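Work through the exercises below with the structure in view. Each task is followed by its solution.

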Amino acid sequence: MQNDRHSTPRPSGGQRNRVTHPSGHLVILAILLTPSAATAQDGGLPVAGFLLAFIVSTIGVALGWHLGARRAARWWHRLAATGDNPGPAPPVVTTLNNVPGLVFRCLPDTHWTMLFLSERCEQMTGYPAAQLLNNRTVSFDSLIHPDDRDKVREGWNRHLRRKAPWYELEYRLITRQGEVRCVWERGTETYDEAGNIRFIEGLIEDVTARRHTATLAHEQARVLRAIAAGRPMDTTLATIADFAMPPDSDALLAVAVFNDDTPRRLTTLHAPGMPPALDRMLSGAQPGELCPRPDKPRPGKRLIRAAREAGLTPLALLPIIAQQQQNPTMLMMLAPGRKQRQPGARENETLQAVGNLVRIAMERRHNNERMELAANALNQAAEAIILLDSRLHIISANQSFQRITGYSAGDLSPPHVGRFPATPAEGGSLRKLLRHLRQAQYWQGELVIKRRDGTTLPALGSVSQVRDAQGGEPGYVAVFSDISRLRSYEKQLDYLANYDPLTHLPNRSLLELRSRAALEAAATRDHVVGLLLVDLDHFKAVNDSLGQETGDRILLTIAQRLRAALRDRDTVARFDSDHFLVLADRCKDIEGPGIVARKLLATISRPIRVQDRELSLSASIGIAVFPHDARDYDGLLSRTEAALRGARQRGRNTYRFHAGEMNQNAMEQLELATGLRRALMRNELFLEYQPVVDLDRHCVTGLEALIRWRHPQLGVIAPGDFIPLAEETGLIEPIGDWVITAVCQQLQQWREQGLDQLRIALNLSARQLWQAGLIEHIRKTVVACELPPGSLELELTESMVMDDPVHSRKLLRDLVEMGISIALDDFGTGYSSLNHLKYFPFQRVKIDQSFIAGIPSDGDDSAIVHTIIAMASTLRLELVAEGIETMAQHEALRDAGCEQGQGFLYSTPVVAADVPEVIARLKSRDDLWSISPDSSGQKKGQRQIHP
C-alpha cells in the first residue's frame with residue numbers, strides 16, 4: 001500500500017477522530033487502550049489497561065479544561081501550520097511514556113514513518129525512539145518480519161475498506177538484537193480539515209508470552225491427539241521433536257530413545273532439523289555418555305563433543321523415565337553455534353511441556369506393548385477415562401471416573417454420555433458440546449462436574465474421535481482430570497497476593513484497591529473517608545529484647561484486636577513491619593476518623609500476655625480525610641505519613657489529623673479519654689441522687705443514681721459529656737461495674753440507718769447490656785450487700801433492647817427472677833410500641849421530660865401524657881414522670897393519675913450524705929401535699945389534663 005497523507009480520502013461518516021485540542025489525543029488513546037470483545041476473549045489486555053484508559057482520559061480532560069478549548073486549539077494548529085509534527089503536548093508525553101506498551105504516531109506512507117514513539121520503544125525494539133523517528137537510522141517497516149509485511153499492509157487496507165473506527169493487527173517484529181517478538185497493534189487514523197489522513201496513532205503491545213502460551217497449548221493438543229489416535233511411536237516422537245519453539249528462540253529439540261535390553265545403546269534419535277552428522281556420531285551411545293547422572297541432568301562429554309562437531313551447543317538435558325522403562329529417554333535442547341547460554345523462561349516452559357508429552361508417549365508405547373497391563377494402567381490413571389462408541393454410549397470407564405465423579409458407568413441409564421452431569425465451564429450445555437464433537441471430531445476445555453453427592457468440581461478434559469485398525473465406525477475417548485487442587489493453588493496464590501501471611505490482614509495492595517473504590521463512591525455521596533496510618537511505638541525495642549518470634553505473635557494479637565475494633569465496612573491492612581493502615585469508610589463527618597483512632601489507641605493499649613508477663617504497647621496515628629486533605633489515594637497516603645510524624649513529635653501515644661483545625665478538637669477528646677482512664681483509679685467519679693416521690697402518698701419512694709466526674713482541672717463534668725466517650729473507648733464497662741457496686745453498698749448503708757424502703761434506679765448503657773458477666777456481677781453484689789428484692793432498679797431505653805429482642809427478653813427475665821426491677825426510660829422517644837411493653841418484663845415506665853415540659857398549657861403534650869397514663873394503667877405498669885419543675889405540672893400529673901414524679905420541683909441531685917435531710921424536708925412541704933378544697937367541693941389545684 002502506498003498511501004499519502006495528503007491524498008488519502010476521508011472515510012464516510014463525518015470527520016472522525018479530528019483533534020481540536022491536546023486533550024483529545026488522550027481521549028483517542030483511551031479508546032485505543034480499551035480492548036475489543038474479541039480481544040478480551042482471546043486473553044485481552046490486563047485489567048490495568050482499563051484503569052489506564054480511565055486515568056489517561058481523565059488527565060486529558062483536565063488538561064483541556066486548564067488550557068481552555070480555544071487556547072489549546074490555537075496552540076495545536078499554530079504548531080501544525082509550520083509543517084512540523086507538533087507531537088503530543090508535554091503533559092501528555094509523560095502519561096504516554098507510562099503506558100504499558102509502545103504508543104506511536106506515524107505517517108501512512110511506504111515505510112510507516114514514525115513521528116512520535118513513547119519511551120517503551122527501546123524496550124520493545126532495541127532502538128531508542130530518536131533513531132526510528134523520521135527513519136533516521138532505520139524505518140519501522142524494516143523491523144516487521146519479512147513474512148508479515150504484506151499481511152500488515154493488507155490488514156491496513158482492509159481496515160480502510162471497512163471504514164471501521166479502529167484497526168487491529170498482529171505480526172512479528174525483529175529487534176535490534178535479532179530477537180523475534182509477537183506484537184499486537186491497535187490504532188486509528190486522524191484526518192485534517194480537508195478530510196485526508198494525516199496521522200496514524202495507536203498502541204503496540206508485546207504479546208510474545210501470550211502467543212507462546214497459546215501456541216504451547218495448541219502444540220500440546222496436537223501431540224495429545226496423535227497419542228490418543230494411537231499413531232506409531234516413531235511418528236509420535238517425531239511429532240514431539242518437531243514441537244514449536246518460542247518465536248524468540250532458535251533452539252532445536254531432539255529425543256534420544258535407548259533400548260531397555262542389553263547392550264542398552266541408543267536405538268532411535270528423533271531430531272528434525274539436526275545435522276545428519278549428529279545422528280551418526282551418537283549412534284550406539286550409552287545413556288551414561290549423554291547424561292552421567294540422571295539426578296543431575298547435565299550433558300556428558302560425549303554429547304558436548306558430538307554436538308560441537310555438528311555446530312551445535314547443548315542448552316538443556318531432561319532425562320525421562322516412563323512407566324515400565326529401565327533406561328531414560330533423553331530430551332535434548334540444542335542451539336546453533338558454539339556460544340554457551342542458558343535456556344530462557346519460555347524455552348524451559350517448552351522443554352517441560354515436551355518432556356511431559358514424551359513421558360505420555362512412552363507410557364502409551366509400553367501400554368501397547370503390554371496389553372495385559374493396559375486395564376490396570378487404565379484404572380490406576382489419575383485422570384478419568386471414558387470409552388464411547390459411535391453413538392456416544394459409554395463402553396467402559398476407569399476407576400478414576402468413579403473416584404472423581406462418584407458414578408460408575410452403570411449408574412447412567414441409558415448409558416449415554418449426555419446423561420453425565422457436566423457442563424462446559426465457558427457456558428452452553430453438554431449436548432451442544434456433543435453436537436460440536438460430531439462435526440469437529442475433537443474437543444478440549446474445562447468442565448464443571450456435579451458429583452453424585454451433590455458437590456461440584458472443576459475438571460480439564462478432552463474428547464477425541466478414534467478409529468480401530470480396520471477403519472470401522474469411529475469411537476471416542478474422553479479424558480478429564482480433577483483440577484480442584486490447581487484451582488485451590490490459584491486461590492492460595494491470590495490470597496498470598498492480597499493478604500499478609502503473618503497477620504492474615506489485607507496487604508497494602510488490596511487496601512489501595514478498596515480505598516480507590518471507596519473514594520470513587522464517596523465522591524458521588526456526602527461521605528467522609530478517613531485513612532489512618534498506625535505505628536506501634538518503639539516496637540523495634542520489643543523485637544530486640546523478646547525476639548522476632550515473640551514480636552510476630554504480638555503483631556498477630558494486635559492485628560486481631562484492630563480488626564475486631566472496626567466496623568464491617570472498614571478495612572485494616574498491614575502496611576509494613578509494625579505499621580498498619582486503616583480505611584475508615586463512609587463516616588458522617590470529620591469526627592468519624594477521630595473516633596476510630598481513639599478506639600484503636602484503646603484496643604492497642606490493653607495489656608498483652610507475653611512469656612508470663614504483661615506487656616503494654618502504645619501507638620501513634622496519622623489521619624488524613626477525604627475530601628478535606630486530598631481527593632485521591634496517593635495524596636491521602638502522603639498526608640497520613642505527614643500527620644504521623646506530627647503525632648510522634650507530640651510524644652507518641654496519640655493521634656493527629658493532617659489538617660490543623662481538626663487537631664484541636666481531636667486533642668481535647670484524646671485528653672478527656674486519657675483523663676477518664678485515670679478517673680476510676682483516682683476516685684474522681686462520684687454519685688448524686690435525685691428523689692422520686694409518690695404524688696398520692698406524700699413520700700419519697702426511691703432515688704435515681706446519677707454519675708458525675710470531678711475533673712481536677714475542668715471541675716464537675718456532667719455524664720452527657722463523658723459517657724459517650726466512655727462508650728467509644730470501652731471504659732463504660734468498668735465504670736458501669738463501679739456504679740452498680742457503689743449503689744448497692746450505699747443502699748446497704750441507708751438500710752442500716754433506717755431508710756429501708758428506698759429503691760435506687762440506675763441507668764444501663766447499650767454496651768453494658770451486652771457485657772459478658774453482667775448478670776453474675778449484679779447477683780454477687782446484691783447478695784454481698786444483702787439487698788431485698790425490688791430495692792435495685794435498672795433503667796433501659798427501647799432502642800437498646802430492640803437491637804436483639806429475643807436475647808434482650810431472656811436477659812431481662814433473668815434479672816427479674818433475681819429480684820431486680822426493670823424500668824423503661826425516656827418513654828415516647830423511641831419505638832413506643834404497645835407490643836414492646838407487653839413483650840418485655842418492664843415494671844415501670846418513665847415518661848420523658850420533653851412531654852412534661854409542655855403540660856398543662858400544651859394540648860398536644862397533655863394528650864400524649866394522658867394516653868401514656870391510660871396505657872400504663874391498662875397494662876398495670878407504674879408511671880414516673882421526669883422533669884417536673886412547676887406546681888402546675890405536679891398537680892396536673894397527680895390529678896391525671898400519674899403515681900410518681902421526679903424533678904427539680906422536689907430536689908436537685910444531691911450527694912449521698914444529704915439524702916436523709918432531703919427526704920425529711922420533702923415530708924414537711926405542705927405546699928406539695930396539702931391542697932384545700934375550693935367552693936365547688938374540689939381540692940384546690942385539682943385539674944384535668946385535656947388533649
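Axes are lines fitted to C-alpha atoms, for helices over the stretch in contact, and angles run from 0 to 180 degrees between N-to-C directions. The model is predicted.

**Exercise 1.** Find how helix 10 and helix 11 are packed, and state the angle and the distance between their axes.

Solution. Step 1: helix 10 covers residues 208–228 and helix 11 covers residues 233–241. Step 2: the two helices pack at an angle of about 175 degrees, and their axes are 10 Å apart. Step 3: angles over 145 degrees count as roughly antiparallel, so helix 10 is roughly antiparallel to helix 11.

**Exercise 2.** Identify the residues through which helix 10 and helix 11 meet, and sort the contact by class.

Solution. Step 1: helix 10 contributes Arg222, Val223, Ala226 and Ile227. Step 2: helix 11 contributes Thr236, Thr239 and Ile240. Step 3: by class, the contact of helix 10 with helix 11 has four nonpolar, two polar and one charged residues.

**Exercise 3.** Check the span of helix 10 against its 21 residues.

Solution. Step 1: at 1.5 Å a residue, helix 10 should span 30 Å. Step 2: the end C-alpha atoms of helix 10 are 29 Å apart, which agrees.

**Exercise 4.** List the buried residues of helix 10, then describe glycine 230.

Solution. Step 1: buried in helix 10 are Thr208, Arg211, His212, Leu216, Glu219, Ala221, Val223, Ala226 and Ile227.

Technical notes: Residues numbered from 1 in each chain as written. Predicted model: local features only at pLDDT ≥ 70, side-chain atom pairs only at ≥ 80, totals over all residues. Heavy atoms only, no water. Helix = DSSP H or I, 4+ residues; strand = E, 2+ residues; numbered from the N terminus. Parallel < 35°, antiparallel > 145°, perpendicular 65-115°, else oblique. Contact = heavy atoms within 4.5 Å. Nonpolar A, V, L, I, M, F, W, Y, C, P; charged D, E, K, R; others polar. Expected span 1.5 Å × (residues − 1). Buried < 20%, exposed > 50% of the residue type's maximum accessible area, 1.4 Å probe, protein only.
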